[in-house]
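Here is a protein chain to look over. Keep the sequence and the 3D view side by side as you read the briefing.

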Amino acid sequence: MSDELVPADQSHMRASDADRERIAQVLHKATAEGRLDIHELDERLGAVYAAKTYGELAPITADLVLSGMQPPAMVPMSAQQPVVSDRVVGGEPGSAVSVAFWSGVNRKGQWVVPRMHNAVAVMGGIELDLTHARFAEQEVTISCFAFWGGVEIRVPDDINVNVDGFGFMGAFEDKAPGRRHIPGAPTVRITGLAIMGGVEVKGPKKKKSSILRELLE
């Protein structure tokens, strides 16, 4: 694979999970042929699953020419199927507050996010996973306050997310920027303040390759 497979005007576009899996297959084949060792495979797979754009994926296999295998071409985002959200809106709202004071709170699964949810972490940690969540209304807000603590919010690809919090001697980070707007999908606004603490908004968890585990065993 070379940079030419990613046109200059598409290199900044977001890559899909399918794109990352195609690159991972190239790396596994290269390892089987002896072109990469296990440590190089592990390092490059980490870069693959951390990549957000086509431009970040292209250099990972640029030095590999595999026998009997053509490098995977990147499909421009405009040619991909649009993301469609099947999120259910409505239902009995869950708790409006998550509080962790010298403790931890974890909300995941099919919980219903209320119109306003307050997450307060004081010397503690809160994890809010929206991967399988439902939403009480079309637009909801999660307001975070972290003081010597942390709030981690995991967001899926099929909802709209707006992040506008502030960090003071701390960090309020959106680690999954550049999302496309999905018409008709629920919108989650994440706002608040982190003081000597952290709030992190992350994308969906990536599945680790079972092939890598087999190679390491």
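**Gly203 and its surroundings**

Gly203 is in contact with Arg154, Val155 and Ala176, leaving aside its neighbours within four places in sequence. Contact means heavy atoms within 4.5 Å. This is a predicted model, in which local features need pLDDT of at least 70, side-chain atom pairs count only at pLDDT 80 or more, and totals for chains, interfaces and linings use all residues. Residues are numbered from 1 along each chain as its sequence is written, and side-chain values use heavy atoms, with hydrogens and water left out.

- Gly203 is found in the loop between β13 and α4 (210-216). Helices (H or I, at least four residues) and strands (E, at least two) are DSSP runs, numbered from the N terminus.
- Is Gly203 buried or exposed? Gly203 is buried, because its relative accessible area is 17%. Buried means under 20% relative accessible area, exposed means over 50%, and partly exposed lies in between (1.4 Å probe, protein chains only).
- Gly203 and Pro156 are 47 residues apart along the chain. Their C-alpha atoms are separated by 5.9 Å.

**The whole chain**

- The protein chain has four helices and 13 strands.
- Of its 217 residues, 40% count as buried.
- Take the contacts between residues at least 6 apart in sequence: 71% of them join residues at least 24 apart.

**The second largest pocket**

- A pocket is found on a 1 Å grid over the protein atoms alone. It is an open set of points where a 1.4 Å probe fits, with protein on both sides within 12 Å along at least five of seven lines. Lining residues have an atom within 4 Å of a point.
- The second largest pocket has a volume of about 260 Å³. Here a volume is the space filled by probe spheres set on the points, and grid points are joined across faces, edges and corners.
- Which residues lie nearest the centre of this pocket? They are Asp17, Asp157, Pro204, Lys205 and Lys206, out of 13 lining residues.
- The largest share of the lining, three residues, comes from helix α1 (residues 17-32).
- By class, the lining has three nonpolar, one polar and nine charged residues. Ala, Val, Leu, Ile, Met, Phe, Trp, Tyr, Cys and Pro count as nonpolar, Asp, Glu, Lys and Arg as charged, and the others, Gly among them, as polar.

**Helix α1**

- Thr31 is in helix α1. Thr31 is buried, since its relative accessible area is 12%.
- The side chain of Thr31 reaches the backbone oxygen of Leu27 at 2.9 Å.
- Ala30 also lies in helix α1. At 0% relative accessibility, Ala30 counts as buried.
- Ala30 and Thr61 are 31 residues apart along the chain, and their C-alpha atoms are separated by 9.4 Å.

- Val97 is in strand β1 (residues 97-101). Val97 is partly exposed, with a relative accessible area of 39%.
- Which residues does Val97 contact, leaving aside its neighbours within four places in sequence? They are Arg107, His117 and Asn118.
- Thr187 is in strand β12. Thr187 counts as buried, because its relative accessibility is 17%.
- Thr187 touches Gln138, Glu139, Val140, Asn160 and Asn162, not counting residues up to four places away in sequence.

**Loops with a positive phi**

- Trp102 is not a glycine, yet it has a positive phi of about 55°. Trp102 lies in the loop between β1 and β2 (104-107). Trp102 counts as exposed, at 64% relative accessibility.
- Met196 has a positive phi too, near 50°. Met196 is found in the loop between β12 (187-195) and β13 (198-202). At 34% relative accessibility, Met196 counts as partly exposed.

**The aromatic pair**

- The structure holds one aromatic pair. The rings of Phe147 and Trp148 have their centres 6.0 Å apart and their planes at 15°, so the pair is stacked. Rings of Phe, Tyr and Trp (its six-membered ring) pair if their centres lie within 6.5 Å; planes under 30 degrees apart count as stacked, over 60 as edge-to-face and the rest as tilted.
- Phe147 is partly exposed, with a relative accessible area of 28%.

Definitions and conventions. A polar contact is a pair of N or O atoms within 3.5 Å; within protein, one must be able to donate a hydrogen and the other to accept it, and residues adjacent in sequence count only if both atoms are side-chain atoms.
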